[in-house]
Every structure is written in structure tokens, then in C-alpha cells.
Amino acid sequence: MKCGIVGLPNVGKSTLFNSLSNAKAQSANFPFCTIEPNVGVITVPDERLNRLVEICNPKSTVPATVEIVDIAGLVKGASKGEGLGNKFLANIRETDAILHVLRCFDDENITHVDTTVDPVRDKEIIDLELQLKDLETIENRLAKTQKAAQTGGDKTAKMQVGVLQAYKEALLQGKSARTVSFETADERKFARELFLLTNKPVLYVCNVDDDAAVDGNSYVEAVRKAIEGEGAGMMIISAKTESEIAELDTWEERKEFLEAIGLEESGVSRLIRAAYALLDLRTYFTAGPDEVRAWTYLNGTKAPQAAGIIHTDFEKGFIRAEVIKYDDYVTLGSETAVKEAGKMAVEGKEYVVQDGDIMHFRFNV
């Protein structure tokens, strides 16, 4: 999974990125500080993995990971190539989801490109640039597809014209592509293949000061109201606080710090979980004395496709899946005990993998 962090210059993107990963993006009080996208790979926090490691005592542990890309600050005119717009938009296109950081704090020492703090206006600036780029994509495709629909009587082309026109109408109204839904599988498939920027799942990250890290502030409430009906997520985080937490060496120190400011867990942990939920992702595990590993899959995935995440041969030659529920594994304390209790299920090709399943695949190629 790859998430791109976007936002106007000086909203706290690079500070947040530094908190998220070990990579240290340059953080400075001027636009275009980040030009080449910084990339960091971070582990997904999951207490279930830690518990399985305690039980199995494996030689190696492999958590699920998320790739975070810190994309430079967009500006007005990016869709037309202003600033470094074309490059930024290309970087966004390569991501699975967008983490849109909005400045929801006052600080006279940190300049704002539009002089005043207004997160809803900032959101609309970037939304507009992404929408304009998508409109350009749609209009170019529509001109070609309409010809095929008219001259050849192509049913597929007619369906595609309908999808393109629905998107065009929404974009002209200032709405993002993700607000448009389609009825048939063919329409949805074609819509996905357009790779529209505003069709990507978005999590609005309201960057607040320390005092508002728990309950938010008036800026956050304005954002909450502005995104109603948009089909996007929202969370509150203090990038400054997160950067201070990231500097602490031990888990105990971090826990004490969080308790002191009234938080149960770090914003970074909440952010990664929110990104997972945004993309409808889940986790299954493989566990044994050699390795305990977390595997990421899309909710609704069946056993053979889940096996294919480990290796394509597992899917091609899939025979069956041996499945243990996480709670049973933890309660009984070992795979042997689970088998003896008759708690291991043998599942076939139609089994839909459940979050937390501990799986062993049988295959033959």
C-alpha cells in the first residue's frame, strides 16, 4: 500500500512524514522545500502480531508495512504546470490513497502562502487542481470515445461515454470523481481504469497545535462540515506533538508522554489504521517457529487469492487452507493445542478470509 501526503506548502506535511518514518525529510519555512518525493516505509501497528510473537518465539518477525510518499506542496495552477505542478500530480497518480494535510493551527512564525489560516479554502484549492486535471483527462478520452460510439455502434463505447459524461458533469460542478457511483460491474471496472486523481480514497488530516490534539478546534469543525457527503475520512493530529514522540527512545517514555497530554495512543498509529480502513484492507497471519508474519489483503478476498499474496504458485495450485481463529490460537496457546481441541478449520476455494485469521495453505504445482 502506498499513501501520498499532500497539502499546500507549510501545512506540516514533512513534519508529519518525519514522524511517520525513519526517513528525515527536509522541513523548512518556505514553499517547494520538498521537490523529489521522499519515501518512507513504516510498519503497521498490530498488537495481535506482538501476541503471536510471544507465543511462537519465532526466528524472524515480519509486520505489514505501508509506503508513505511525501509529495511537495501543491499551489494554484498546478493542473496547468504552475510551480512544479505536473511532477506533483504524477506522483499523486502513483499512490493508492491520499493523506491530505490541512493546517488547523495559528502560528505567526510559520508563514502561509495565502497569508491567513483557512483549512477549508486550502482544501478547495487542492481539490480544484486535482479536479481540473481529471477534467482534462475525461475530456481527452471523451472526444475519442464518442466517435467510436457514434460511428461503429459500439455498445462498450456507449457505456464508456456514459461513465465519462457522469464524471464530467460532477467535475464541472466542483465535485470529486469519488462522489459518482455506477450500477454495473463493467461501468465500475472502466471507471477504475481511468485512474482519476479525485477517485482515490482521501483521508483529511487536520494538523492542530498541542492544545487541540485531543478535541480539535473551530478549524477542525469547519473541515468536518465541508467534507460531509464527500465519502472521505478525517482525523485530528498534531504533527509537532508526533515529532516530539518520535524522538523518544523507549515505548515506556512514549506511553508516559501520551498519558500526560490525554491521548491513549500516538496519532501515527491512528493514522495508519485509518489509512487501512480507508482502503478496506485487512490482515491475516502465518505463524510458526521460523516466522510470524502479517499479510495485507483486501476485504472480501477468498482463500486462493490470499494464498497468491504469498506466492503465485500458492494460488495456481491451491488445494485447501487450514485456518485458525486468532482468539482460539491465543487462548489455547499453540497450533497443536488448537488441533487437539478441534478448532482448526479446513477451508476450500470459496472461503472468504477473515481479519486476524492464522492460515496455512496446502498447494500442489
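The model is predicted: local features need pLDDT of at least 70, side-chain atom pairs count only at pLDDT 80 or more, and totals for chains, interfaces and linings use all residues. Residues are numbered from 1 along each chain as its sequence is written, and side-chain values use heavy atoms, with hydrogens and water left out.

**Whole chain**

- The chain holds 14 helices and 12 strands; helices (H or I, at least four residues) and strands (E, at least two) are DSSP runs numbered from the N terminus.
- Of its 365 residues, 45% count as buried, where buried means under 20% relative accessible area, exposed over 50%, and partly exposed in between (1.4 Å probe, protein chains only).
- Contact means heavy atoms within 4.5 Å. Among contacts between residues at least 6 apart in sequence, 69% join residues at least 24 apart.

**Helix α5**

- Helix α5 covers residues 155-172, and its end C-alpha atoms are 26 Å apart, which agrees with the 26 Å that 18 residues should span at 1.5 Å a residue. The expected span is 1.5 Å times one less than the number of residues.
- The buried residues of α5 are A157, Q160, V161, V163, L164, Y167, A170 and L171.
- An α-helix has 3.6 residues a turn, so residues three or four places apart point the same way.
- The cover over the buried residues of α5 includes α4 (119-151) and α6 (185-193).
- G174 follows α5 and has a positive phi, near 80 degrees.

**Helix α10 and A275**

- Helix α10 has 12 residues and reaches 16 Å from its first C-alpha to its last, close to the 16 Å expected at 1.5 Å a residue.
- Buried residues in α10 are G267, V268, S269, L271, I272, A275 and Y276.
- A275 has a relative accessible area of 2% and is therefore buried. Leaving aside neighbours within four places in sequence, A275 is in contact with M1, C3 and L203.
- A275 and P201 are 74 residues apart in sequence, and their C-alpha atoms are 8.9 Å apart in space.

**Largest pocket**

- The largest pocket has a volume of about 1,100 Å³. Of the 30 residues that line the largest pocket, P45, R254, S266, V268 and S269 are the closest to its centre.
- Pockets are found on a 1 Å grid over the protein atoms alone: a pocket is an open set of points where a 1.4 Å probe fits, with protein on both sides within 12 Å along at least five of seven lines, and lining residues have an atom within 4 Å of a point. Grid points are joined across faces, edges and corners, and the volume is the space filled by probe spheres set on the points.
- α1 (13-20), β2 (38-43), α2 (47-56), α8 (239-247), α9 (251-260) and α10 (267-278) each supply at least two lining residues. The largest share, four residues, comes from α9.
- By class, the lining has 12 nonpolar, nine polar and nine charged residues. Ala, Val, Leu, Ile, Met, Phe, Trp, Tyr, Cys and Pro count as nonpolar, Asp, Glu, Lys and Arg as charged, and the others, Gly among them, as polar.

- V208 sits in the loop between β6 (202-207) and α7 (218-226), and its relative accessible area of 2% makes it buried.
- Not counting residues up to four places away in sequence, V208 touches C104, F105, A213, N217, V220, I236, I237, S238 and A239.
- I55 lies in helix α2 and counts as partly exposed at 24% relative accessibility.
- I55 touches Y329, V330 and G333, not counting residues up to four places away in sequence. I55 and A287 are 232 residues apart along the chain, and 9.5 Å separates their C-alpha atoms.

- N10 is not a glycine, yet has a positive phi of about 65 degrees. N10 lies in the loop between β1 (2-6) and α1 and counts as buried at 12% relative accessibility.
- D280, also a residue other than glycine, has a positive phi near 60 degrees. D280 lies in the loop between α10 and β8 (281-287) and is partly exposed at 31% relative accessibility.
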